[in-house]
Amino acid sequence: MTDTVGNETIRSLWDNLAHTRGDHPFLVFHSRTGEVREYTYREFNDEINRTANLFLQLGVEAGEVVAVHMHTSPEFLMCLFGLTKIGAVMVPINEQYLQRECEYVLEKCSATCAVIEDQYLDIYESIMENEALLPKGIFPTSPQGEPRPHSFECIKDAQSAELTEVRPLDSSMLAEILFTSGTTSCPKGVMLTHANLIFSGHYGNWETNMNKDDRLLTTMPACHSNFQLAAMTPVLTAGATLIVVEKYSARNFWNQICSYRATVTQAVAMMVRTLLMQPVQADEKNHCLREVLYFLPLSNEEKLAFEERFATRILNTYGSTETIAWVITDPPVGERNWPSIGRVGLPYEAKVVDEDGKELPYGEIGDLMIKGVPGRTLMKGYYKDEQETARVLDAQGWLVTDDKGYQDESGWFYFVDRKANMIKRSGENISATEIEAILMDHPLIAEAAIIGIPDPIRDEAVKAFILLEEGATITTEEVLEFCALRMAPFKIPSVIEFVESFPRTCSLKIEKKLLKEQEQDQPGVQPRRCIDTK
């Protein structure tokens, strides 16, 4: 297929980068302990080849699935690129997963072996008791400061920096299976091809005007599409520099933006809010940052306060792992139209439809749909799940997003809510996100999560989980009074529970699935404290 990718593969991309950008810094890695490691493109390509040779030595074949369970690290990237160089397929395991969740992924994708951090060794030794899983074994890293002779690093370092077998590759080959966070259902394996990864890079370059002199700083987890498809791949296709801060710290983040001379970064709502809570620094506007890639939701007040205080601007976007790129986006040049999520970017199409698939007039809320090319600009499909793939992706390339939104007459799109976040109460559709935003306008409320709970009379009732600012106190009655002045009566929560923390996904989103499961496990009980599963 002729497109911006052509028949480029991750291997040919890296070989070209090592040749044309060899001495340019590729990666600056800032660990959670403060250690900093740096690699040029040539140095990192050598490490990728050593990793690829390690997998060849293990007998990993083209198309074979290998699991990688690591925190964000250079070694994570070495595994990803090393496997793609030999035509194998990487499956990242979420760094927060417990044994049951790991087993689900490993069984689903039939992984033959796994590279794991030493801290997960107990989990995988238990998993290995099932002889059907990971038949080629596990390969732990060394504990920090304790090199082991048979660790992943020692085996890798003994390999040649020249690839020992050059297998036939093409851009349509599967490169990775990224499992969704599973906030509303069991995780699904999104199949990404070489073309998908490279296209996401070209799209990100257009979206942010990125070039070879840019420096993109990210704190997103490496197992997540926000890191891989909106940070890592755009850096690669531009030949720019990737600055990876392993663990986000509100206290240190802006100093890191300034000291590393970042020109582009990524943020989620939690980051914006916690940054605004930090003491003002005299030189915090002295930075090189021109774009903050942002993934909703955020209130108007928070957005304006952030841009004013830090002298930067937010680039609002909308997309998912399935859409590969952030398909609806603020344009790289020209006007922006907050709170719109932007206009559809080339080469995608987008529309809003009703429940029967009929396109709706401007201004009417319906289901967002995105059109692209499976395996190129959209995911190839869900791994070993033809039924779900057929549900969300039709023969014409239209993808069902399961999100609600609308479009205005000028082509700007507006996000209303995830379909799973829509609550049906007495025939009225209620957006959980809308209520959350209103609650978080209260000066004493740090964060809120809204779910629907069963109601025998009205189908569903609205339940609010509320996390207060540190040291704050407020009564249920005061919250209800606040709501009554700001929303229609049918939107006001019927149940309010004050919590001390929220369970979160690896991308720092509140994991509403767990909140809903807690309700199902103990129906009818009195409001209780939530368990922090971070």
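**Val115 and its setting**

Modeller: Residues 24 or more positions apart account for 68% of the contacts in the chain with a separation of 6 or more, a contact being heavy atoms within 4.5 Å. This is a predicted model, in which local features need pLDDT of at least 70 and side-chain atom pairs count only at pLDDT 80 or more, while totals for chains, interfaces and linings use all residues. Residues are numbered from 1 along each chain as its sequence is written, and side-chain values use heavy atoms, with hydrogens and water left out.

The chain's secondary structure comes to 15 helices and 25 strands; these are DSSP runs, helices being H or I of at least four residues and strands E of at least two, numbered from the N terminus. The radius of gyration is 23 Å, close to the 24 Å that the globule rule gives for 534 residues, so the chain is as compact as a globular protein of that length. That radius is taken over C-alpha atoms, and the rule is 2.2 Å times the number of residues to the power 0.38.

Of the 534 residues, 60% count as buried, meaning under 20% relative accessible area with a 1.4 Å probe and protein chains only. Val115, found in strand β5 (residues 113-116), counts as buried because its relative accessibility is 1%. Leaving aside residues up to four places away in sequence, Val115 touches Phe55, Ala67, Val68, His69, Met70, Cys79, Phe139 and Phe152. Glu153 lies 38 residues from Val115 in sequence, and their C-alpha atoms are 10 Å apart in space.

Methods. Buried means under 20% relative accessible area, exposed over 50%, partly exposed in between (1.4 Å probe, protein chains only).
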